[in-house]
Amino acid sequence: MSFSVYEITVPVMVHGLNVMDDYLDDAKALELSKGLEAGRILGERLAPDMLTFGEQFSVSCNKVERHMANLMQHDRPAFRNTPIVYPALKQRLTETRAFLQNVQPNEMAGAQSHTYELTPPIARGWFGGDDYIRHLVLPDFFFHISIAHAILRQLGAKIGKRDYLGNLSQQSGGDYS
């Protein structure tokens with residue numbers, strides 16, 4: 001069975017953004033349960049040279065839009081600076097999901113056959129579409145979700161693999177138990 005570029009990117013990214021939305025709720029609940037200052041978790045990070053919890057959301061949305069623009073052969077949008085506060089991050093996730101939900105499958109037709117130029121800081125060079133999608137677009141997207149998950153876990157949030165996987169029953173047609 002083969003999948004179109006649309007099928008392996010757009011629904012997957014919408015699903016992942018839903019997970020990230022839940023993580024913002026989990027962070028707020030954790031702050032409340034631990035008596036932390038509102039918004040404190042947004043500034044937490046795993047290591048000094050890594051993005052903060054809040055930045056994971058902003059950067060992820062920017063990258064989704066830029067990767068999708070590449071795949072659709074559109075001009076890449078400029079990075080947006082989203083304020084690192086819960087309402088703004090929630091709004092940014094909503095806008096990015098809406099953007100994805102407006103992408104049409106035919107806009108991505110043939111994306112796996114194109115060549116994409118990558119520039120630092122991640123890599124430099126030209127990559128075929130299949131490699132670009134499999135080795136950068138999807139892993140890059142999931143990296144930010146997993147880092148947000150790890151930060152919450154490190155701080156004591158009661159989340160696990162099921163939270164990371166999100167609501168599978170909506171997407172898979174079955175129940176996850």
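Okay, Tyr164: at 26% relative accessibility it counts as partly exposed, which means it sits between buried, under 20% relative accessible area, and exposed, over 50%, with a 1.4 Å probe and protein chains only. Keep in mind that this is a predicted model, where local features need pLDDT of at least 70, side-chain atom pairs count only at pLDDT 80 or more, and totals for chains, interfaces and linings use all residues. Residues are numbered from 1 along each chain as its sequence is written, and side-chain values use heavy atoms, with hydrogens and water left out.

Back to Tyr164. You'll find it in helix α5, residues 161-165. Helices here are DSSP runs of H or I with at least four residues, strands are runs of E with at least two, and both are numbered from the N terminus. What does Tyr164 touch, if we skip residues up to four places away in sequence? Val19, Tyr23, Phe142, Ile145, Ser146 and His149, where contact means heavy atoms within 4.5 Å. Take His149 from that list: it is 15 residues from Tyr164 along the chain, and their C-alpha atoms are separated by 7.0 Å.

Now α2, residues 53-72. Its 20 residues should span 28 Å at 1.5 Å a residue, and the end C-alpha atoms are 29 Å apart, which agrees. For that expected span, you multiply 1.5 Å by one less than the number of residues. Of those 20 residues, 17 are buried, so α2 is largely enclosed by the rest of the structure.

Leaving out neighbours within four places in sequence, Ser60 contacts Met20, Glu55, Phe141 and His144.

Just after α2 comes Gln73, with a positive phi of about 60°. Most residues other than glycine have a negative phi, and Gln73 is not a glycine. It lies in the loop between α2 and α3. Buried or exposed? Gln73 is exposed, with a relative accessible area of 54%.

On to how the helices pack. Two packed helices are described by the angle between their axes and the distance between the axes. The axes are lines fitted to C-alpha atoms, for helices over the stretch in contact, and angles run from 0 to 180 degrees between N-to-C directions.

First up, α1 and α2. They pack at about 165°, with their axes 11 Å apart. That makes α1 roughly antiparallel to α2; the cut-offs are under 35 degrees for roughly parallel, over 145 for roughly antiparallel, 65 to 115 for roughly perpendicular, and oblique for the rest. On the α1 side, the contact is made by Val5, Thr9, Val10, Met13, Leu17, Met20, Tyr23, Leu24 and Ala27. From α2 come Phe53, Gln56, Phe57, Ser60, Cys61, Val64, Met68 and Leu71. By class, that contact has 14 nonpolar, three polar and no charged residues. Here Ala, Val, Leu, Ile, Met, Phe, Trp, Tyr, Cys and Pro count as nonpolar, Asp, Glu, Lys and Arg as charged, and the others, Gly among them, as polar.

Then α2 and α3. The angle is about 15°, and the axes are 10 Å apart. That makes α2 roughly parallel to α3. Which residues of α2 make the contact? They are Gly54, Phe57, Ser58, Cys61, Asn62, Val64, Glu65, Met68 and Met72, meeting Leu89, Arg92, Leu93, Thr96, Phe99 and Leu100 of α3. This contact divides into nine nonpolar, four polar and two charged residues.

A bit more on α3, residues 86-101: it has 16 residues and reaches 22 Å from its first C-alpha to its last, close to the 22 Å expected. Its buried residues are Tyr86, Ala88, Leu89, Arg92, Leu93, Thr96, Arg97 and Leu100, and they pack against α1 and α2.

Last stop, Gly110, in the loop between α3 and β1. At 26% relative accessibility, Gly110 counts as partly exposed. Gly110 and Met20 are 90 residues apart in sequence and 29 Å apart in space, C-alpha to C-alpha.
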